[in-house]
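Please open the structure in your viewer and keep the selection tool at hand. The tour below moves from one selection to the next and says what can be found at each stop.

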Amino acid sequence: MNEEFVDAVKKTLPAVIVAAAAFFGGKMFMNYRAGKAAAASEAVAAAYSTDEIEEAVSSYGGSKAGDVLKLRLAKSYYDAGRYDEAADIYAELAGKAPQGLEEVPEVGLAQCLEAQEKFAEAIKAYGDFAAANTNSFLALTANLGAARATALAGDRKKAAADLEALLAKVSGDAVSKARVEATLDLVKRYTKRAEVSLFDAADAAAKQAAGGDDETVGLPAVLAASSDGGESFAGALLHLSF
């Protein structure tokens, strides 16, 4: 074999190896990324429980589907009453949520404030969003949220007035109209109940157990009435959050 040819091969071979490594390494990296993206997409569809979503976020939080998984985790935390953790995720994703979901963190954060009974902050957050995003698919959700928070803060008269005005605006949309009417009905229907001490509740239960007045209210009912109505009202309203 020609010595000059051998020398040329020796000199060229390292560069060829490097180029080949770069080419095949690049293909392997692209395949790895594509595989991870596919796995992340599958995780979005397959994760249901909070634990499953947490695991998916841990594994794929840095992928393109990661932020979608984080939004699902925030919603799961919210549904479980873990409002601080949900709020942290919404705050993290504010301004950088996936396309089509850009507005979700802002409204989600307002809902967390409402659930945390930070009503003044929630009213402002909802109001700011609704004013700046009149054509958003979440505009109605924000307006309803502001009315709910207003009612929960104690001003049910203003909440009802705001909802009546909102009802007039959406009268041509059956679905939106039904949502507003449901919230308005709750605001109008729930009234503050008188407080009853636990001692009175115990007396009432004792009388009933002893065969007292048939009209005596039993312990469970009296205990329910011992609340000021805020919790049951809040619970009913928050069921209409989404």
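## Stop one: helix 9

Begin by selecting helix 9 and showing its side chains, among which Ser176, Val180, Thr183, Leu184, Leu186 and Val187 are buried. If you turn the view until you look down the axis of helix 9, these buried residues fall within an arc of 160 degrees, so they line one face of the helix.

Viewed from the side, helix 9 runs over residues 174-189, and its 16 residues reach 22 Å from the first C-alpha to the last, close to the 22 Å expected at 1.5 Å a residue.

Next, select Asp173, which caps the N-terminal end of helix 9, with a side-chain oxygen that lies 3.1 Å from the backbone nitrogen of Val175.

## Stop two: Ser176

Stay in helix 9 and select Ser176. Is this residue buried or exposed? Ser176 has a relative accessibility of 14% and therefore counts as buried, the cut-off being under 20%.

## Stop three: the largest nonpolar core

Move on to the largest nonpolar core, which has 16 residues, and select Leu73, Ala86, Ile89, Tyr90 and Cys112, the members that touch the most others. The elements that give two or more residues to this core are helix 2 (50-60), helix 3 (66-79), helix 4 (83-93) and helix 5 (104-115), and helix 3 gives the most, with six residues. For a closer look, centre the view on Ala86, which, apart from its neighbours within four places in sequence, is in contact with Ala74, Tyr77, Tyr78 and Cys112.

## Stop four: colour by confidence

Finally, colour the model by pLDDT, which averages 74 over the protein, with 58% of the residues scoring at least 70. Among the elements, helix 6 (residues 119-132) has the highest mean pLDDT, 97, whereas helix 11 (residues 219-225) has the lowest, 34.

Then select residues 16-34, where pLDDT stays under 50 and the model has two contacts beyond four places in sequence. Over residues 213-232 pLDDT also stays under 50, and here the model has 28 such contacts. Where pLDDT is low, the predicted coordinates should not be read in detail.

Technical notes:
Residues are numbered from 1 along each chain as its sequence is written. This is a predicted model: local features need pLDDT of at least 70, side-chain atom pairs count only at pLDDT 80 or more; totals for chains, interfaces and linings use all residues. Side-chain values use heavy atoms; hydrogens and water are left out. Helices (H or I, at least four residues) and strands (E, at least two) are DSSP runs, numbered from the N terminus. The expected span of a helix is 1.5 Å times one less than its number of residues. Buried means under 20% relative accessible area, exposed over 50%, partly exposed in between (1.4 Å probe, protein chains only). The arc is that of the directions from the helix axis to the C-beta atoms. A polar contact is a pair of N or O atoms within 3.5 Å; within protein, one must be able to donate a hydrogen and the other to accept it, and residues adjacent in sequence count only if both atoms are side-chain atoms. A nonpolar core is a set of buried Ala, Val, Leu, Ile, Met, Phe, Trp, Tyr and Cys residues joined through side-chain atoms within 4.5 Å. Contact means heavy atoms within 4.5 Å. pLDDT is the predictor's confidence in each residue, from 0 to 100.
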